[in-house]
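Please look over the model below.

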Amino acid sequence: MKVALAGATTGVGHCIAEAILKHGKHTLIILSRHDISAFSGHVHIVESYTVDSLIPALSGVHTVISAIGDHSRSADAQVALAEAAVAANVVRFIPSGWSGADGGEDDVIELYRYQQRALAVLRKSKLQWSFPQCGIFLNYFATPQKDGLGPLKPLKFWIDVENCRATIPGDGNIELAYTAVEDVGEFIARALDVDGQWPNPLRIVGTTITHNKLVKIAEEVRGKPFTIAYKNREQLTNELVTDPPSIYVNLTTQLSLALLDKRFTFDSDPDFDGDGFQFTQPRVLMEKWWSTVQ
């Protein structure tokens, strides 16, 4: 099978590319405006993310996977990739998502609203497509340890394992989907071997766990109590900055509100499990990166 991947420089796309190449069962083409040394020989340089530029690159491609980040800047590229896939008679398309459930046009997470234009193209097409949901990347608990983060940027959302503190939306008892970014890549590589149409949404979940349980694990691993604060919906809503200078100013607060809406509360599809792949669990990751840190 011929697979085209956009967005392999960093993040989940990098892990997907590594896993597909490691398995060696499928021909991988990485679409990029520049060469990527880690994947030399597999990169197809596209002058720009326009339909005319992308159609030739997708000739003979069965599956297109998008992992292009920053939806606010990449909206045009996502639309062009979807339209080019339709024109090139691609069979399957996986749009960039790799987070929680789709929130629609009025998504509380402003950054994610920019996905909607590409999703609209897919809904009108005859492509097989699946919106990928993997919850929150488990690797963020390794921040700031680069090796633990893999290709992700260092980020701390609700639990700061380094400084033994947590700020938790709600009462901390909401079940949440968490998945290691490397496991997402491995799951996708295995899923390429599955015959037939993938489920939509495509749910890839390493574990479902509450923030209270995660804090307890972190306290046991670090050997010290955490400072914990809980914030309700009203408190979080009041924290939203009006007319912020950047779309990222409110991102953590918006993610917290989406969490309260249970946008990150889901499990893997029971009939589509990536060939029984065993996912990394929170305690294993935390012990690996924090058990020897004082």
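Asparagine 89 is exposed, at a relative accessible area of 64%. Exposed means over 50%, buried under 20%, and partly exposed in between, with a 1.4 Å probe and protein chains only. The loop between α3 (71-87) and β5 (92-94) holds asparagine 89. Helices (H or I, at least four residues) and strands (E, at least two) are DSSP runs, numbered from the N terminus. The phi of asparagine 89 is positive, near 60°, and this residue is not a glycine.

This is a predicted model, in which local features need pLDDT of at least 70, side-chain atom pairs count only at pLDDT 80 or more, and totals for chains, interfaces and linings use all residues. Residues are numbered from 1 along each chain as its sequence is written, and side-chain values use heavy atoms, with hydrogens and water left out.

Cysteine 164 also has a positive phi, near 55°, in a residue other than glycine. Its loop runs between β9 (159-160) and β10 (165-169). Cysteine 164 is buried, because its relative accessible area is 9%.

| Cis peptide bond | Omega |
|---|---|
| threonine 143 – proline 144 | about 10° |
| asparagine 200 – proline 201 | about 5° |

Proline 144 sits in the loop between β8 (136-137) and α5 (146-149). Proline 201 lies in the loop between α6 (181-191) and β12 (202-203).

Next, the threonine. Threonine 207 belongs to strand β13 (residues 207-209). Is threonine 207 buried or exposed? Its relative accessibility is 13%, so threonine 207 counts as buried. Its side chain makes a polar contact of 3.4 Å with the side chain of glutamine 281. A polar contact is a pair of N or O atoms within 3.5 Å; within protein, one must be able to donate a hydrogen and the other to accept it, and residues adjacent in sequence count only if both atoms are side-chain atoms. Leaving aside residues up to four places away in sequence, threonine 207 touches Leu176, Ala177, Tyr178, Gln281 and Pro282. Contact here means heavy atoms within 4.5 Å.

A UniProt record, an unreviewed entry, places the feature "domain: NmrA-like" at residues 2-240. Such annotations may be inferred rather than shown by experiment. Over residues 2-240 the chain is 33% helix and 20% strand. The end C-alpha atoms of that stretch are 44 Å apart.

On a 1 Å grid over the protein atoms alone, a cavity is a set of points where a 1.4 Å probe fits but cannot get out, and a pocket is an open set with protein on both sides within 12 Å along at least five of seven lines; lining residues have an atom within 4 Å of a point. A volume is the space filled by probe spheres set on the points.

The structure holds 3 cavities of 30 Å³ or more. The largest cavity has a volume of about 60 Å³. Its lining includes Ile136, Phe137, Trp158 and Tyr178. By class, that lining has 9 nonpolar, no polar and 1 charged residues. Ala, Val, Leu, Ile, Met, Phe, Trp, Tyr, Cys and Pro count as nonpolar, Asp, Glu, Lys and Arg as charged, and the others, Gly among them, as polar.

The largest pocket has a volume of about 1400 Å³. It is lined by 41 residues, of which Thr10, Ile68, Gly69, Asp70 and Lys153 lie nearest its centre. Elements giving two or more residues to this lining are α1 (11-23), β2 (27-32), α3, β8 and α9 (251-260). The largest share, 4 residues, comes from α3. The pocket lining has 23 nonpolar, 14 polar and 4 charged residues.
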